[in-house]
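Please look at the sequence and the model shown here, and then work through the questions that follow.

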Amino acid sequence: MKKFYFYFALLSLIPFIFFTGGVESPMRFLYYPIMVLLIAVFDSKTLLQASLTFSIVYCLIPFARGSEYPFYTVIINVLPFLLTAIPAGRISDMLKQERDSLRKTTDTFHGVTNTLNLQIMNLQSKIDALSETCNRLKELSENRIRFISGVSHEIRSPLSSIRSFSEILLNYDDIDEKTRREFLNIINEESERLTDLTNEILDIVAIEFGKIQWQMDEVDMTDVVESAVATIIPLTKNKGLSVENNIPQRHFFIRGDKNRLFQVMLNLLSNALKFTSQGKISVGIEESADDLKVYVSDTGEGIYPEEKDKIFEEFYRIGDGLAGRPKGAGIGLSISKKIIEAHKGRIWVESQLGKGSTFFFTLPKEEIILPKVEDVDTGADFHGRHILVLENYKPLRQVLRVALETLGFKTTGAESTKQGLDIAKMDKPDAIVIGYPKNEDYFGELRILSRIQGIPLFLVIVIDDEQRGFQIAVNGYISKPFDKNQILSTLEQVLPRKRGKILIISHDNEEARNVQLLIGIHEYETIIVPDLYSHNLTRHMPDVIVVGISLSDEVYSTIRFLRSNQTTVKIPLLLILNSSQRDINYIGLNSSAYGSGLKKIAEKMKEGIFSSANH
Amino acid sequence: MDILIVDDEPYIQRSLSFVFRKEGFAVEIASNGEEALRKAKELKPKIIFLDLMIPKINGFDVCKAIKSDKEISGCYVIILTAKGQEVDKERGLQAGADEFITKPFSPMEIISRVRDVLQVK
């Protein structure tokens, strides 16, 4: 390329000579200012070379022609050139420097703009999330108002009966025994209805607000459906209805809450019973590839098409449009719907007015329904770390010790605070976990000990007691019931790490090993993974992340992910690059090291660990 | 004919009709809007106790129909409802209702209201 410019400059000057009337012309002096301009604008070196060559050729012409004063001609021609070309070169260099610094500023500016854009994007997504939450809250509060007005409406009916009939009984002494008994029965019946209603409301509130304790287990649906049918059969006999059992003679296992599913079945069956005056009720289970379908069919009044969705809403009662509607608060189906939906299933009705209705629900065959407590990998993190468990109630102490030991801890139990103090002084455990302190004086002593020796204290609390727990500030709380993840995250936050952790993301074993060797295996704990998905970042938060060049195309997405993720945005990030990739301008990169400067990697890494320890 | 009770709840029908009869009033019962209008025209009661959430024709429309029928517009309509909300009251007044009683009510209070109304007339 450079050569090309050289010849180009040389050639471009030839027509110029001709146009100015040849070498002998006085116009030739115009050549110098133009030369100076060209040097200043273009690359000084190339043009300088070109013009020097040209000048020499130019000077030789008088000799070749046998000029009268060849030396004089040379001086005349070369001196002005030298006098102008040298400062021009300087100017050109200065201009170049200016240009470079301008480019740098622009680059920095681009960097800032990118970071800003990223922040704007983050903010935007936060705003979106907030407005979504806001809408959800609004919806929730509207639902709540609707629910409360529905509840109060439903409560008034039985209350009204109870109040009326008890008042009648109190005010009239001359009521005959038969009527008196009738009224007392009504009062009794209506208070039972009120009780059922209260229970149903509590149920729905519990499901709605996630307060329900789901007992998820392997459930035999055949068993559930059959026992529900068995419960309802005596009632169908009273009404003269028959029951058609289409349940296959085999077991259907799903994951779910047995009692809740039974509740759904009972609700569907009692609805069928309620709305069917003659004919039969059919029950069956059908199996497809993905799910199990259970149906309850009746030959009752049927449901208006426009009611088909409404009946699953709270306080909507089938038969509102029909005379002599059966009693019920209109809660049962909405509870059933919530239960089925919690099982990731679907519930719906198909119906023909006057001919009957069929209620269906599906349950996925192989779905883990509720967020199960994840099995915690007993990572090397806590392996062998020593925890003193102080609790005088033996069963609780055992539970705690087992929970901690499955997480890789070594535990020692102490049954009295005094014993605990002795062990703590002698063995210096990494942490002390205490059950609820009965004697707070001893507890105070433990606190002093923990302060002096730097042993974190953890308090086991019952959730309700959290308020009290906070009054006697400790390093953290483990609440009952024990949840491994919760224990782990609590301990992880407070327990001091022995070594800095470095996460190396690399496809190439050699590259990873090189990095590992450089930073010193013993100084830092290194984890090598092929990609981000193979590492649980929230559980094992590294101090520094090294992204290897071997990731090639995934480098961009990896870095983008790390920099847009709340939990990893602050972790120093080190990128290993080829020298040709030097110009890559990554957003929010703390530093990068180039393939050759492996020593630099180690330095930068230590810097990173140091700075991460500061924030 | 003194009183027409319009409500689809059997226990409301039972308790109200019991006290009214006990106090010596002539009582009829209607379980839905259609029946209510038919019986109102037929029996021309002095007072109608009207529930709002009734099948076929709702309470508001029954009230409107009664008040716009010259023959029976003079009868005293007491809206009896589980909803004590202001919006309902507004709608009830627009429909021409004379009075509101909110469930749960006291039968003895209702009796005294009935006596007042019938004496005034």
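Axes are lines fitted to C-alpha atoms, for helices over the stretch in contact (heavy atoms within 4.5 Å), and angles run from 0 to 180 degrees between N-to-C directions. This is a predicted model, in which local features need pLDDT of at least 70 and side-chain atom pairs count only at pLDDT 80 or more, whereas totals for chains, interfaces and linings use all residues. Residues are numbered from 1 along each chain as its sequence is written, chains are lettered from A in the order in which they are written, and side-chain values use heavy atoms, without hydrogens and water.

Q: At about what angle does helix α3 of chain B run to β3(B)?
A: Helices (H or I, at least four residues) and strands (E, at least two) are DSSP runs, numbered from the N terminus. Helix α3 of chain B, residues 59-68, lies across β3 and β4 of chain B. Its angle to β3(B) is about 155 degrees.

Q: Which are the edge strands of the open sheet in chain B?
A: The five strands pair in parallel (at least two DSSP bridges between two strands), in the order β2-β1-β3-β4-β5. Pairing on one side only marks the edge strands, β2 (27-30) and β5 (99-102) of chain B.

Q: Which residue of chain A meets B:Arg14 in a salt bridge?
A: A salt bridge is a side-chain nitrogen of Lys or Arg within 4 Å of a carboxyl oxygen of Asp or Glu, and the rule finds two across the interface of chain A and chain B. In one, at 2.6 Å from N to O, the partner of B:Arg14 is A:Glu182.
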